[in-house]
Amino acid sequence: MTEAAHEAPQGALLEVDLAAFAANLAAVRSRVAPAELMLVVKDDAYAQGLTGIVTAAREQGVDAFGAFDIATGVAVRRIAGNGPRIFTWVSAGRAEIDAARAHDSDLGAGDLAFLTAIAEVAGEHGVTARVHLKIDTGLHRNGIRPEDWADVLERARAWQDEGVLRIVGVWSHIAEASDADDDAARALFDDAVAAAERAGFEIEVRHLAASAAAFARPEFRYDAVRIGAFCYGVRSAGGPGEGVLGIRPIARVTAPVVRVDTDAVTVAFGFLDGLPSTLAEAMAVATPGGERAVRAIDAATLRVDPWEGAAVGQRVTVFGGDAASATDLAERIDTVGEEILTRVSPLIPRVYH
Ligand SMILES: *Cc1c(COP(=O)(O)O)cnc(C)c1O
């Protein structure tokens, strides 16, 4: 008896097209040059799988990663090895600062308490922490308020003179919702950088923009741009199309037929919360018999219209590939493509080709 005879039918898969990923990286990098691409890999690299994505990005020469939390930063260091800059900007406390130090992460600091903790941990270990100070440019999401900026610079100056930290970056995050708000944020950012330079800091890396502003507005690129979505081929909901941007989705989710009835075919999408149930009657899947409407979505299955020759074990494409993209689906229920992607259960295998 062969091994294959015992193989369970394959469940849902998230397939990542690495050639498309490489092409997106190239498109993004040529668009933002000479600014550096910092590839944002939060949420398990937007659900594409951290290990596969970081490995592929390194092969394409990506030298900077935006890792959100320190646990992700530590994982990126293990995958990427020494060399690339890893920037983390969310931390819960001193143990994490210590982990970041041990894995040579750059730390974003958006308040004096955290900056103080960084200085203390670095002092205890006799090391110099590399810090990017975050100015609050209007989002009010963890950042140093403009009125406190001068004081924080003064404290940072003392710690830098002591050798426990070095301010290597100034950064902020913008809403990318209106050009006027973004321009106001940029003016505050420029003031903050100028103040840091007047205070004697040599700022290596100024970074403000994510995907949308980095693409549309050259003056937002500075030294580096933190980009996730466009590298994964996820365009902004309601924004320019993939053709205009020169990117394409890299993820395709496929799933097997598990039951065929005369009026419906059942597809096992996988695990809880795989797709918002509000997409029922608002999406189609690509089947061997062509596109078929999805009539119902529950925790683990989709019920779709039947096709000639439908059989258990056939595979359908749920999104990506020949079916609608994650962002296409997102737009129908008023959300963003990242939301569709990051709901794909981590239990669904990621495969790369
Ligand atoms: C997620 C994130 C980004 C990347 O945004 P995209 O729109 O996916 O390119 C950049 N900066 C910060 C602070 C983020 O949290």
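Predicted model: local features only at pLDDT ≥ 70, side-chain atom pairs only at ≥ 80, totals over all residues.
Residues are numbered from 1 along each chain as its sequence is written, and side-chain values use heavy atoms, with hydrogens and water left out.

The side chain of Asn 24 reaches the backbone oxygen of Cys 231 at 3.2 Å. Asn 24 belongs to helix 1 (residues 18-32); helices (H or I, at least four residues) and strands (E, at least two) are DSSP runs, numbered from the N terminus.

## Strand 1 and its partners

Strand 1 (residues 13-16) directs Leu 13 and Glu 15 one way and Leu 14 and Val 16 the other way, and all are buried. Two strands pair if DSSP finds at least two bridges between them. Strand 1 runs antiparallel to strand 10 (residues 251-260), joined by four bridges, and Val 16 stands opposite Ala 251 in strand 10. With strand 16 (residues 350-352), strand 1 pairs in the parallel sense over three bridges; here Leu 14 stands opposite Arg 350.

## Ligand surroundings

The residues around the ligand (a heavy atom within 4 Å) are Val 40, Lys 42, Tyr 46, Trp 89, Trp 171, His 173, Ala 210, Ser 211, Arg 226, Ile 227, Gly 228 and Ala 229. Oxygen atoms of the ligand lie 2.6 Å from a polar side-chain atom of Lys 42, 2.5 Å from an N or O atom in the side chain of Tyr 46, and 2.8 Å from a polar backbone atom of Ala 229.

## Largest pocket

Pockets and cavities are found on a 1 Å grid over the protein atoms alone: a cavity is a set of points where a 1.4 Å probe fits but cannot get out, a pocket is an open set with protein on both sides within 12 Å along at least five of seven lines, and lining residues have an atom within 4 Å of a point. Grid points are joined across faces, edges and corners, and a volume is the space filled by probe spheres set on the points.

The largest pocket has a volume of about 1,100 Å³. Of its 46 lining residues, His 173, Ala 175, Glu 176, Ala 210 and Ser 211 are the closest to its centre. Elements that give two or more residues to this lining include helix 2 (42-46), helix 8 (179-198) and strand 9 (224-227), and helix 9 provides the largest share, five residues. The lining divides into 24 nonpolar, nine polar and 13 charged residues (Ala, Val, Leu, Ile, Met, Phe, Trp, Tyr, Cys and Pro count as nonpolar, Asp, Glu, Lys and Arg as charged, and the others, Gly among them, as polar).

## Enclosed cavities

Two cavities of 30 Å³ or more are counted. The largest cavity holds about 70 Å³ of space, and its lining includes Tyr 232, Ala 251, Phe 319 and Leu 341.

Among the residues that line it are Lys 134, Asp 136, Arg 141 and His 173; by class, the lining has two nonpolar, seven polar and three charged residues.

Note on methods: Buried < 20%, exposed > 50% of the residue type's maximum accessible area, 1.4 Å probe, protein only. Polar contact = N/O pair within 3.5 Å; in protein donor to acceptor, adjacent residues only side chain to side chain.
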